[in-house]
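Please open the model in your viewer and keep the sequence panel handy. We will go from one selection to the next.

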Amino acid sequence: MTDRYASFVQSGAGRALVKRLGLPDPPRLRRHTPGDPLLPGPALVGAADGGRLAEPVTKILTFAGVEPRDPVAGTTAADGTPQRYGALVYDASGITDSTGLRQLYDFFHPHARSVLPSGRVIVLGTPPTECATPREATAQRALEGLTRSIGKEFGRGVTAQLVYVTRDGDAGTLTSLESTLRFLLGGRSAYVSGQVVRVGAGTATAPADWNRPLDGQVVLVTGAARGIGAALAKVLARDGAQVVALDVPAAGDALAAVANEIGGTAVQLDLTTPDAPTRLADHLAARHGRVDVVVHNAGITRDKTLGRMDADRWDQVIDVNLSSQERINDVLLERDLIPAGGRIVAVSSIAGIAGNRGQTNYATSKAGVIGLVDSLAPVLRERQVSVNAVAPGFIETRLTARIPLALREAGRRMNSMSQGGLPVDVAEAIGWLAWPASGAVSGNVVRVCGQSLLGA
Ligand SMILES: NC(=O)c1ccc[n+]([C@@H]2O[C@H](COP(=O)([O-])OP(=O)(O)OC[C@H]3O[C@@H](n4cnc5c(N)ncnc54)[C@H](O)[C@@H]3O)[C@@H](O)[C@H]2O)c1
């Protein structure tokens, strides 16, 4: 699906007209190309008094090729003009009560207009549940309001996120903080904004080459014949994974084309058949002896308002979108096919967060996926397997192309980016959660929705 309005606005004539009429102005988003620098300019790094994260973050930035600047020394460019930044990064972990929040204003106010298009704002803090006093927890919780508002205010493709980093950190925490910063600063997170990411303790392994963060990993992608699943297969293969692409037999030709293009293998299987989990486990055991990453992407909609919905529509949607994920996880875990360092990433939806008219079945299944992440992540921590979900918003696929025009336009524009996301945006977020380096990121639900107003 092409967004003709966005293409028009991004042309010279369109830009002038849109400005004059005050219409939505979707910016061209900065997306990832391997080898690109992480940011379009230096990062201004600040910290509240007593912060514990600025130092490791500055090291990570430098290692990742980003030039960190100090708020005092770094505000003027070499030619004497005001410095513009690829990112503003602020360590707020030292803020222990509400009066300390003033330090946020002092850092962000003078630089609010100095962020380059598609730049990044990242605030780091301590999870409120780990804070020593109610006042500290209150102040750390307050950070969410700042980042979500900056995401809505800065425009021009600038994203803003809050990253809570555990106090009980270990080497895995630092590695996953690095993987998370690389994702959030770079073009991979073009359509992710207003999110809260939690980096905990856990085992994580940095890659030999950050351009191939999935090197050697065996990754299963369900629903890989088209849409988000096909983009996923390509992104994961680009990042070094051996991809096992699965879809229904009826999509066999399209599936084979995807698998051939990326040098992966194709499995034709309907996930709802009773023997699907065993057949899949047999296949993975025989071909690879394991599966490092399971991406539950296959999903269907069967929309009707609840009073008009027949039981079949309800059953099919719950079965494909939720129950089949549970059955497959159970068999793969029982047979020890997901090794330590394994990853499960499931695709939810903002409909599962906000609810949606005509989608009681779909929203129930997608909220269930969030429940699966919440309940399984602590259980699988001991096995060093992480479980996360992404919740896409309006993504340009066949699924959204079927929405009537007026609703489709509303869905596209009602977010901080004034445009729909692309399948590759969802794929990049799933990729980050699948990296061996992201092991200490578990139990998260990350929306890929351009900071949609729905369920915000
Ligand atoms: N497109 C969006 O805007 C959007 C928004 C939120 C969530 N999602 C979710 O993202 C995922 C992918 O969506 P998409 O837009 O690419 O959809 P899509 O319909 O283009 O692709 C889904 C794929 O899943 C496969 N599939 C369906 N039932 C299956 C089964 N029983 N066994 C094996 N494969 C099966 C289909 O054949 C298809 O290839 C879904 O879970 C969807 O709910 C999409």
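Which side chain does K59 meet in a salt bridge? Select K59 and E55: their side chains pair up at 3.7 Å, N to O. This is a predicted model, so treat each stop as part of a prediction. Both residues belong to helix α3 (residues 54-63), four residues apart, about one turn of the helix. K59 is exposed, with a relative accessible area of 57%, and E55 is exposed at 57% too.

Next, select R148 and E144 in helix α5 (residues 134-153), again four residues apart. Their side chains form a salt bridge of 2.8 Å, N to O. Here R148 is partly exposed at 31% relative accessibility, while E144 is buried at 12%.

Now move to D239 and R188, a salt bridge whose closest N and O atoms are 3.2 Å apart. D239 sits in the loop between α7 (227-238) and β8 (242-247), and R188 in the loop between α6 (171-185) and β6 (195-199), so the pair ties together parts that are 51 residues apart in sequence. Both are buried: D239 has a relative accessible area of 1% and R188 of 7%.

For a surface stop, select R226, R302, R398 and R402, which gather in a patch of positive charge. R402 lies in the loop between α13 (398-401) and α14 (405-413) and is exposed at 59%.

Finally, highlight residues 217-397, where an unreviewed UniProt entry places a "Ketoreductase" domain. That span is 46% helix and 17% strand.

Conventions:
Residues are numbered from 1 along each chain as its sequence is written. This is a predicted model: local features need pLDDT of at least 70, side-chain atom pairs count only at pLDDT 80 or more; totals for chains, interfaces and linings use all residues. Side-chain values use heavy atoms; hydrogens and water are left out. UniProt positions are given in the numbering used here, feature names are shortened, and annotations may be inferred rather than shown by experiment. Helices (H or I, at least four residues) and strands (E, at least two) are DSSP runs, numbered from the N terminus. Patches are made of residues with over 30% relative accessible area and no salt bridge: like charges are joined within 9 Å, nonpolar side chains (Val, Leu, Ile, Met, Phe, Trp, Tyr) within 5 Å. Accessible areas come from the Shrake-Rupley method with a 1.4 Å probe; for residues, only the protein chains shown count as cover. A salt bridge is a side-chain nitrogen of Lys or Arg within 4 Å of a carboxyl oxygen of Asp or Glu. Lys and Arg count as positive and Asp and Glu as negative; His and the chain ends are not counted. The place of a charge is taken as NZ of Lys, CZ of Arg, CG of Asp or CD of Glu. Buried means under 20% relative accessible area, exposed over 50%, partly exposed in between (1.4 Å probe, protein chains only).
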